[in-house]
Amino acid sequence: MYEQIAFYLFSVLTVTLFLITVMSKNVLYAMTSLAAGMVLISGFFFILGADFLGVVQLIVYVGAVMALYSFAMMFFDATRNIKEKSTHPALVFGLGGMSALVLVMMFAAPLYSEKIQAFYPMHPEAGNAQDVGIVLFTKYLIPFEVAAVMLLVAMIAGIILAGKKMDVSFTQDLSVDDEIMKQKDAK
Amino acid sequence: MIGLSHYLIVSALIFSIGLVGVLRRRNLLMLFFATEVMLNAVNIAFAAISHYYNDLTGQMFAFFVIAIAASEVAVGLGILIVLYKKQGSLDLDELTTMKG
């Protein structure tokens, strides 16, 4: 009963919030609704018994990724509304919906066969975090290490890309900066 | 009772929202948001399948999807900042520099 209420509440709210993300003209509204939708998606994970995945979703997505987006927002002009000219909106909606439906049917069709067996079955008595840890550090150890190296590469790439010309301001009026520098020189 | 198909339908809905966003957005930052929406939809499907087939593999894949999304955001935002410094805009229609 409670599971049903939670499921329908979360699904209606996530779909609405992500629609706002996709349709909004304001970057700040889009980002805020994306963050709220991600919090609610972690609610789905908690209903499904994937506690560790829910916590990781909260920490990594809502904590790290959204913080990164909001820091990057300082480089862009976020207060102005985005002007986008959309060509054939009905065509885009039709094509998007159709191709998503075809993709989902394609990938979901094998699920309804009865031949699927669990490779790594869950142990409800052990708890989700212990289960995840055992499988992650035995069967998925190499992908885990590769993911660690990939995150390191991404971190260095992010620092190098964003760190170029950090001393030049691009959001402020440049003449103001020049005047400040002249005043400093005069002193 | 909530079954696997309920979760798959919600996941498909959210995925198609993200796909429509990717198709209709012209701002690069908004395109990034739409890809995040699609990745999250796939994660819901993974977690639901993992729960209903009593198998941990789905959750493992969801973890790796999250790791890849994090690194994608780090590199992508770096590129966006460089692009904004160079062009002064994130609009895809204004970035057509390869016209022959």
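Modeller: Here is a quick tour of the chains, their interface and the core.
This is a predicted model, where local features need pLDDT of at least 70, side-chain atom pairs count only at pLDDT 80 or more, and totals for chains, interfaces and linings use all residues. Residues are numbered from 1 along each chain as its sequence is written, chains are lettered from A and ligands numbered from 1 in the order in which they are written, and side-chain values use heavy atoms, with hydrogens and water left out.

Colleague: How many helices and strands are there in chain A?

Modeller: Chain A has seven helices and zero strands. Helices (H or I, at least four residues) and strands (E, at least two) are DSSP runs, numbered from the N terminus.

Colleague: And chain B?

Modeller: Three helices and zero strands in chain B.

Colleague: What share of the residues of chain B count as buried?

Modeller: Of its 100 residues, 64% count as buried. Chain A has 187 residues, and buried ones make up 32% of them. Buried means under 20% relative accessible area, exposed over 50%, partly exposed in between (1.4 Å probe, protein chains only).

Colleague: Switching to the interface. How much area do chain B and chain A bury between them?

Modeller: About 6900 Å², with 76% of it on carbon and sulfur atoms. Buried area is the accessible area (1.4 Å probe) that two parts lose on being put together, summed over both.

Colleague: How many residues does the contact take from each chain?

Modeller: It takes 84 residues from chain A and 68 residues from chain B. Contact means heavy atoms within 4.5 Å.

Colleague: How many salt bridges across it?

Modeller: The rule finds zero between chain B and chain A. That rule wants a side-chain nitrogen of Lys or Arg within 4 Å of a carboxyl oxygen of Asp or Glu. For polar contact, it finds seven residue pairs across the interface, both residues at pLDDT 80 or more. A polar contact is a pair of N or O atoms within 3.5 Å; within protein, one must be able to donate a hydrogen and the other to accept it, and residues adjacent in sequence count only if both atoms are side-chain atoms.

Colleague: Which element gives the most to the chain B side?

Modeller: H3(B), with 24 residues touching chain A.

Colleague: Now the core. Which members of the largest nonpolar core touch the most others?

Modeller: Tyr69(A), Leu29(B) and Phe33(B), out of 73 residues. H2(B) provides the largest share of this core, 13 residues. A nonpolar core is a set of buried Ala, Val, Leu, Ile, Met, Phe, Trp, Tyr and Cys residues joined through side-chain atoms within 4.5 Å.

Colleague: What is Leu29(B) in contact with?

Modeller: Leaving aside neighbours within four places in sequence, its partners include Val27(A), Tyr69(A), Met73(A) and Leu77(B).

Colleague: Last topic, loops. Where is Asn26(A)?

Modeller: In the loop between H1 and H2 of chain A. Asn26(A) counts as buried, at 15% relative accessibility. A polar atom of its side chain lies 2.9 Å from the backbone nitrogen of Leu28(A).

Colleague: And Asn54(B), where does that lie?

Modeller: In the loop between H2 and H3 of chain B. Asn54(B) is not a glycine, yet has a positive phi of about 55°. Asn54(B) is partly exposed, with a relative accessible area of 38%.
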